[in-house]
Amino acid sequence: MLPVIECRHLTHYYGDKPALLDVSWLLRPGRICGLLGRNGAGKTTTINILNSFLTPRSGRCLLLGEDSHQLAPRTKARIGYLIEGHIQYGFFNINQIEHFYSRFYPNWTPAIYYHLMSKLDITPRQRIATMSCGQRSQVALGLILAQNPDLIIFDDYSMGLDPGYRRLFIEVIHDYAADGKRSILLTSHIIQDLENLIDDCVIYQQGRVLLDLEARRLRDGFRKYTFATTPAVAGARDDARHLVIERGEKRSALHGFLDEPAARAELAARGIPAPDLRPEPATLEDIFIALTGKY
Amino acid sequence: MSRALFYKEWIKLRLWWVLMLAAGVAFALVLFFKLRYVANANEAVTVWNAWIFKGWLFFRPFQYVPLVFGVALGLLQFLPEVQARRVRLVLHLPLGETRAIALHLAAGLLLLALALLPAALVFSLGGALWFPREWQGNLFHVLTPWLLAGAGAYLAAAAVLLETNWRHRVFYLLLAAGALRLFLLETFYDTCARILPALALWVLALVLVPLFSSHRFRKGLVR
């Protein structure tokens, strides 16, 4: 099946500073993909290229099989886009904005939108500008879902949301995508929210794809082992093998796609004694931090 | 879709538009009553003499109103669009980007025209009470450059706001200020009659500037 999103060898610079370097990945239909990375890793640059608000220096993006910079209106109608910060028109109230957007989308389903609005403590005539950040996020989400799009791009959906609204947002996305027919790309810095949501995971590091993997394989295969710190322990990082050794004050850690015997062998090969090596549970956020670092 | 975009612009601007309309009509009425006073206080022939030989136009104080309205409307319409780069919402709508921005400009120009038209009617109908029919032609020739200046100022304000490169913004400002000065030169009845088509063409050409700015925004040529 044709990928819903395909980034091919994207490269972009801001002045002399590289933002993306030969980035390639794809999103298959019916999948939820988390595009993760530290600040400045290139996520927003990618999103801007996908939405054709930025022309890459080289490479191209295909959305639903079309060049992202030359999308036909009917293709655009199949793509929902949540702008970072849940940007919408503040001068509308919830009825007016629904009336406005409904004219553009052939598959518009107002019931989805009004169902979400019914959960909010707002008056029908209240302007969006006077709503809380969480309420605005639900308005923006409801408008996107009412489009019935085949592909949704959520750019940093969690920005400014309290835990309740973040959870609500995730639950709504989860329910919406449950039929397996929608493809979703989302970025967020709240990695733990994505733990049980995403199917695929693309992690950026300094403008490059560090990891592109099914989230299940990442969770199941990427391990964390700790062992007592000795003078022989030195921090190390091997991006090609996704292997990280972190030196701690009392206990150090080895992260990587290694089972226990392989971990012992890796440490032995580096001359690090680890008689008390033990596996530790690792969340998606732990894995992300291990791979991308804290600094 | 076009109606939906016009609806959005109407909701956004309706309060300000009503205020502009009221201010324009009120100002026009003040000028009309002033004319009535002058006509009543003097002989009609004196008023005619001032009109024909001295170039006295009772509505001249209205000269800069279209310009001010144009700038104000451009700011009020496009400032909310560029704040937080909200214009991305419009550019993501399933219609051509150029068409989307062009429809915004059409909506703005329509509202500007509708805000100024009643004032022009007050001048036209009010003046007809004391002046002969030829006067209507003079009114048209004098008023049209001012109205075109309003449209030009509106388009320039839109272009400056949609543009995100400061050098381009300054260039547009200088270009607009220089060009619009021509529209507001001290005119005697038919001074601008011959160049009215050229002025209209100039304003028409100005439509391309905000479209160009939005295209540059769209292609990411803004940094």
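Reply: Gladly! Let us begin with chain B, whose secondary structure comes to 9 helices and 0 strands. From the N terminus on, its elements run α-α-α-α-α-α-α-α-α. Please keep in mind that this is a predicted model.

Me: How do you know how confident the predictor is in chain B and in the complex?

Reply: On the pLDDT scale from 0 to 100, chain B has a mean of 86, and 96% of its residues reach 70 or more. For the complex, the predictor gives an ipTM of 0.85 and a pTM of 0.86.

Me: What makes the span of helix 7 of chain B close to the expected one?

Reply: The expected span is 1.5 Å times one less than the number of residues. Helix 7 (residues 166-183) of chain B has 18 residues, for which 26 Å is expected, and its first and last C-alpha lie 26 Å apart.

Me: Why are the buried residues of helix 7 of chain B said to line one face?

Reply: The buried residues are Tyr172(B), Ala176(B), Leu180(B) and Phe183(B). Seen down the axis of helix 7 of chain B, they fall within an arc of 45°, so they line one face of the helix. On the other side, Arg167(B), Val170(B), Leu174(B), Ala177(B), Gly178(B) and Arg181(B) are exposed. The cover over the buried residues includes helix 3, helix 6 (134-162), helix 8 (196-206) and helix 9 (208-218) of chain B.

Me: Why is His9(A) called partly exposed?

Reply: The label lies between two cut-offs: buried takes 20 or more other C-beta atoms within 10 Å, exposed 12 or fewer. His9(A) has 13 C-beta neighbours inside 10 Å, so it counts as partly exposed. This residue is found in strand 1 (residues 5-14) of chain A, and its phi is positive, about 50°, although it is not a glycine.

Me: How do you know which residues of chain B touch chain A?

Reply: Contact requires C-beta atoms within 7 Å. By that test, 20 residues of chain B are in contact with 22 residues of chain A. Helix 1 (2-41) and helix 4 of chain B are the elements that give two or more residues to this side of chain B. The largest share, 5 residues, comes from helix 1 of chain B. By type, the residues of this side divide into 10 nonpolar, 3 polar and 7 charged.

Me: What makes chain A a case of two domains, and how are they joined by contacts?

Reply: The domain assignment gives domain 1 (5-217) and domain 2 (222-292) of chain A. Their centres, taken over C-alpha atoms, are separated by 34 Å. 11 residues of domain 1 of chain A are in contact with 8 residues of domain 2 of chain A. On the domain 1 side, strand 3 (32-37), strand 9 (200-205) and strand 10 (208-214) of chain A each give two or more residues.

Key
Residues numbered from 1 in each chain as written. Chains lettered and ligands numbered in written order. Predicted model: local features only at pLDDT ≥ 70, side-chain atom pairs only at ≥ 80, totals over all residues. Helix = DSSP H or I, 4+ residues; strand = E, 2+ residues; numbered from the N terminus. Arc of directions from axis to C-beta. Domains from an automatic or database assignment. Nonpolar A, V, L, I, M, F, W, Y, C, P; charged D, E, K, R; others polar.
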